[in-house]
Amino acid sequence: MYQRLDQLVDQAERIGVIGSPSSTSELALDILAGAIHKKLIGELAIFRYMQDGIPHYALGQITEIKLRNVWHEDPTMRSLIRQRGRIDTVSERQDTHLGEMTISAVFAAKSGTYRPDMLGTVPPTGTPIYLVTDAILHELLSLFKQQLFYLGHVYGSTPLLPCWFKHFDSGPDGAGEAYHLGIFGKTGSGKSVLAKMILLAYARHREMGLLVIDPQGEFAKDMRDNTGTGSFRLPMQAILQKLGRNVQVISIQNLVLDRWDIFEQILGNSGFFQRLGIKASQNQKQAAEVVRENLEGKKKLTDLHLRETFNSVWETLQKEQNLTRIYGTKDKREQVLTQMRNLNPDTIYQQAWLPITQLFNQRRSDAQTVDHLLENLFTGQGQRAVVVIDLSEERSIASKPTSKNQLTLLEVDEADNTASPSRIVWNDTIQALVMRRLLEGIRHAAEHSYRQNRSLNTLVLIDEAHRIAPREEPSNEEQQAVRTFLIDAVRTTRKYGVGWMFISQTLSSLHREIIEQLRIFFFGFGLSMGTEFRALSELVGGRGNALDLYQLFRDPHSAIDSDSREYSFMTIGPVSPLSFAGTPLFLNVFNNVTDFLKQNNLQ
């Protein structure tokens with residue numbers, strides 16, 4: 001059964017033998033003379049050995065190469081070398097090259113196939129070490145070939161690094177549970193490209209829902225542009241359509257909020273009351289509470305944008321009993337009344353009221369409530385949707401943003417059915433409130449599904465996660481609430497079949513509780529200094545050689561041209577059939593779209 005694999009191993013290049021001292025976690029290699037001039041760092045190697053009377057095959061990456069020459073270490077010889085530069089009988093001829101190999105996976109040849117096992121003994125010295133080829137991997141992983149997905153090559157080498165991304169339900173291609181992923185690296189390290197590749201890997205499972213919460217709008221741009229954007233032009237929309245997935249990009253113009261408490265908070269943070277002369281934040285919150293109490297139960301949220309609703313609010317705010325709740329002193333109440341009487345209600349309605357209430361107007365074109373959107377995402381049968389929620393300020397239907405905090409859309413006048421421009425108020429605080437509403441909806445849907453003994457089988461991707469769930473305490477209560485909801489969701493929704501993928505430029509600034517819940521990590525260039533490196537060291541668990549290899553990563557933008565850029569990543573967790581032991585694996589992500597599509601049959 002294993003003769004074919006033995007034949008492929010024998011045909012591979014032999015680079016060394018097992019040396020001493022070696023252990024089950026790290027092997028010492030004596031590098032052969034014919035291989036000392038090869039680049040061996042990062043190479044994937046394999047050796048055969050017997051364990052319990054069964055042939056075994058162990059694979060791992062070479063993490064370090066050392067040069068030893070005992071004669072050059074002698075004090076007397078060093079004195080001669082200092083004078084002559086070299087000694088022909090000693091220099092170079094007496095060099096020995098020593099390598100270190102970290103075992104990442106072991107397979108046992110039994111029951112007619114290759115099964116994962118462990119390195120339970122140390123093979124004898126002199127055991128040959130070979131470089132792994134694609135043919136060896138294909139033979140060894142033939143049982144899993146339908147599940148394999150390729151993100152790139154083994155770091156600094158030619159073989160493709162096999163990965164697998166299983167859906168979160170049971171079945172032959174399922175993991176049986178959800179898990180969380182994290183992608184970390186400096187700007188330009190390839191995080192977003194890697195995240196899009198992983199998104200496509202999960203999109204192959206039609207029974208799996210995919211939700212992207214996109215605060216910056218980058219994923220939304222790629223989904224709207226059929227040719228892709230940026231230097232790595234990955235045609236996401238076309239590939240997802242090929243995979244039979246329905247793609248929905250929901251911008252803030254399409255998203256309808258549907259909670260009175262959110263209306264109250266947005267109204268209090270929008271600047272509406274500032275224009276009426278109510279300046280202190282505490283008084284603005286009290287005024288927003290007054291408005292909500294006078295509207296809730298009498299008006300529908302979707303009717304807030306109507307002029308008659310505004311007129312009712314205008315009258316409510318001028319009543320003495322309501323002003324008394326906002327301000328305790330008479331002179332302050334009179335100042336507000338004077339300010340409101342000097343204002344033009346038509347102007348306030350157009351410029352201050354409509355931009356807030358449009359967020360709740362279900363009569364807008366292509367509008368969807370949060371509940372309706374999540375229901376379509378989670379309850380779809382067979383062919384689940386891929387939904388991208390664009391929470392950036394850049395997307396506008398009628399025109400570009402008219403100011404920093406407002407987006408323009410087309411509002412339909414109900415009297416004559418004509419379209420006229422209106423605005424939606426938008427800032428970081430309101431973005432946080434929308435995020436919170438989405439997280440509440442996800443958690444509620446997950447709990448409801450769990451009570452029905454059904455897994456949601458959904459991955460939620462969040463870009464710029466360090467801004468949403470920072471380690472430091474957020475400056476305002478809305479962002480604090482979002483962070484609290486997100487941390488709670490990461491802790492609780494995994495058992496409901498909801499996994500989360502976080503993309504962040506930093507590791508040390510993302511909340512520790514989220515990092516502790518992650519099962520699969522990808523670390524790109526830019527985490528090799530200061531607090532970032534200390535945080536990385538804690539996660540890697542003190543594997544010194546792995547960290548040394550990570551520090552060799554080059555800045556992709558230091559390359560001469562885009563074709564020669566290397567986007568290197570260190571990954572930890574069950575992301576590959578070659579990572580059973582939980583040791584880090586190193587890869588170079590594809591820098592050519594054609595190669596990525598071809599290797600994964602996505603042309």
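## The main nonpolar core

The largest nonpolar core has 101 residues, and F263, F272, F273, W353, W500, F523 and L536 touch the most other members. A nonpolar core here is a set of buried Ala, Val, Leu, Ile, Met, Phe, Trp, Tyr and Cys residues joined through side-chain atoms within 4.5 Å. Buried means under 20% relative accessible area, exposed over 50%, and partly exposed in between (1.4 Å probe, protein chains only). Helix α15 (residues 428-451) supplies the largest share of this core, 10 residues. Helices (H or I, at least four residues) and strands (E, at least two) are DSSP runs, numbered from the N terminus.

What does L536 touch beyond its neighbours within four places in sequence? Its contacts (heavy atoms within 4.5 Å) are L507, F523, L527, L547, Y550 and M570. A second, separate core holds 75 residues, including I136, W164, A195 and L240. In soluble globular proteins, nonpolar side chains tend to be buried together.

## Model and overall layout

This is a predicted model: local features need pLDDT of at least 70, side-chain atom pairs count only at pLDDT 80 or more, and totals for chains, interfaces and linings use all residues. Residues are numbered from 1 along each chain as its sequence is written, and side-chain values use heavy atoms, with hydrogens and water left out.

The protein chain contains 21 helices and 22 strands. Its C-alpha atoms fill a box of roughly 100 × 60 × 40 Å, taken along the principal axes. Of the 603 residues, 53% are buried. Among contacts with a separation of 6 or more, 73% link residues 24 or more positions apart.

## The 11-stranded sheet

An open sheet of 11 strands runs in the order β9-β8-β22-β21-β20-β10-β19-β18-β11-β15-β12, with mixed pairing. Two strands pair if DSSP finds at least two bridges between them. β9 (160-164) and β12 (246-251) stand at the edges with a single partner strand each, so one side of each has no neighbour in the sheet. The twist averages 25° from one strand to the next.

Within this sheet, β10 (residues 181-184) and β20 (residues 520-523) pair in the parallel sense over four bridges. G182 has F521 of β20 as its bridge partner. Helix α17 (residues 477-492) packs on the sheet, touching β18 (458-462) and β19 (498-504). The direction of α17 makes about 130° with that of β19. Axes are lines fitted to C-alpha atoms, for helices over the stretch in contact, and angles run from 0 to 180 degrees between N-to-C directions.

## Strand β18

β18 has parallel partners. Five bridges join it to β11 (residues 209-214), with G209 partnered to T458. Five bridges also join β18 to β19, where L461 is partnered to M501.

## Helices α15 and α17

Two packed helices are described by the angle between their axes and the distance between the axes. The axes of α15 and α17 come within 9 Å and cross at roughly 25°. The two helices are therefore roughly parallel to each other. Angles under 35 degrees count as roughly parallel, over 145 as roughly antiparallel, 65 to 115 as roughly perpendicular and the rest as oblique.

α15 passes α17 in a left-handed crossing. A crossing is left-handed if the near helix is turned anticlockwise from the far one by less than a right angle, and right-handed if clockwise. On the α15 side, the meeting residues include D428, A432, L439 and R443. On the α17 side, they include E478, V482, F485 and D488.

Helix α7 (residues 260-269) is mostly covered, with eight of its 10 residues buried. Among them are W260, F263, E264 and Q265. The buried residues of α7 pack against α8 (272-275), α9 (281-295), α13 (345-357), α15 and α17. Just after α7, G271 takes a positive phi of about 95°.

α9 and α10 (residues 307-317) pack at an angle of about 125°, with their axes 10 Å apart. That makes α9 oblique to α10. The contact involves V290, V291, N294 and L295 of α9, and T309, S312, V313, T316 and L317 of α10. α9 passes α10 in a right-handed crossing.
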